[in-house]
Amino acid sequence: MPSARETNPEAPRPGGRPRDAALDEAIILATRERLVRDGYSLMTIGDIASDAGVSRPTLYRRWRTKFELVVDALDYGFRKQRDSYAVDLTEMAPREAFTEAVRRLDPAYFNPDAMVLMGNFAGEAIRTPELLGILREHAVEPRVTLVENVLTQLQESGDVTGDIDKHTIATLCFGSYFAAFYRGESRDEIPEAVVSVLWPAIAARKPARRRRG
C-alpha cells in the first residue's frame with residue numbers, strides 16, 4: 001500500500017513543519033545526482049546537503065535517514081515516468097504498437113542515468129536489498145507489464161497469435177537494452193531491430209483473400 005507521501009508528496013512531515021517544495025526538490029535532485037555518481041553506500045548526507053545548498057539539520061528535519069531520502073528521490077522519478085507506462089493503440093498499426101511498447105521498455109526512456117542507477121542498486125542487493133525491491137516494483141514491472149498488456153490487446157484484436165509466452169517475450173525485449181549497454185552499443189535502433197526478429201514469429205497469419213474470376 002502506498003504511503004501518505006506517495007499519494008500526497010506535498011503533505012507535511014511528522015511534527016507539522018510546513019513544506020518548502022522548492023527546497024525539497026533541490027534536495028531530491030541532489031540525491032538523485034549523488035546516487036548516479038557515488039552509489040547508495042558511498043553517498044553521504046553531508047555531500048547531498050552541500051550539493052543542495054542546505055545545512056544538514058535542514059535536511060534531517062525532512063528526512064530522518066539516508067534510506068528514507070533515497071526512497072523519496074526514487075519516487076520522484078517514478079511519478080514523472082508513470083505516464084509512459086501506457087500505449088494508446090487506437091491510432092497505431094499492430095506492429096507499430098508493439099514497437100512503441102518495446103521502445104518504452106528502455107530504462108533510459110525517461111532518465112538517461114537509469115542504467116547506472118540500476119547497476120548501483122544491483123550492487124546493493126546484499127547490503128540493502130530493499131532498494132532493488134523498490135526498483136523492481138516501480139521501474140521494472142510496469143515496463144514489462146506494458147509490453148505484456150500490449151501483446152494481450154493485440155491477441156484480442158486477432159493480430160498476434162494466442163499461444164505466445166508474453167512474459168518471456170517482454171523479458172527478452174527488456175534484456176536487449178542491458179545487452180546493448182554492456183556491449184557499448186547504441187540503444188536507438190533496439191525497438192525496430194527486436195521487433196523485426198520477433199514479429200514474424202508472433203504475428204497472426206491472416207487468411208489469404210481469394211481472387212475473383
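**View 1. Tyr 182 in helix H9 of the predicted model**. Tyr 182 belongs to helix H9, residues 166-183; helices are DSSP runs (H or I, at least four residues), numbered from the N terminus. Tyr 182 is exposed at a relative accessible area of 64%, where exposed means over 50%, buried under 20% and partly exposed in between (1.4 Å probe, protein chains only). Together with Val 116 and Phe 181, Tyr 182 makes a nonpolar surface patch of about 320 Å². Such a patch joins nonpolar side chains (Val, Leu, Ile, Met, Phe, Trp, Tyr) within 5 Å, from residues with over 30% relative accessible area and no salt bridge.

Residues are numbered from 1 along each chain as its sequence is written. In this predicted model, local features need pLDDT of at least 70 and side-chain atom pairs count only at pLDDT 80 or more, while totals for chains, interfaces and linings use all residues; side-chain values use heavy atoms, with hydrogens and water left out.

**View 2. Glu 148 in helix H8**. Helix H8 spans residues 129-156 and contains Glu 148. Glu 148 is buried without a salt bridge, that is, a side-chain nitrogen of Lys or Arg within 4 Å of a carboxyl oxygen of Asp or Glu. The nearest side chain of opposite charge is Lys 166, 7.4 Å away; Lys and Arg count as positive, Asp and Glu as negative, and His and the chain ends are not counted. Beyond neighbours within four places in sequence, Glu 148 contacts Lys 166, His 167 and Ala 170 (heavy atoms within 4.5 Å).

**View 3. Gly 46 in helix H3**. Gly 46 sits in helix H3, residues 45-52, and is partly exposed at 24% relative accessibility. Its C-alpha atom is 6.3 Å from that of Arg 56, ten residues apart along the chain.

Technical notes: Patches are made of residues with over 30% relative accessible area and no salt bridge: like charges are joined within 9 Å, nonpolar side chains (Val, Leu, Ile, Met, Phe, Trp, Tyr) within 5 Å. Accessible areas come from the Shrake-Rupley method with a 1.4 Å probe; for residues, only the protein chains shown count as cover. Helices (H or I, at least four residues) and strands (E, at least two) are DSSP runs, numbered from the N terminus.
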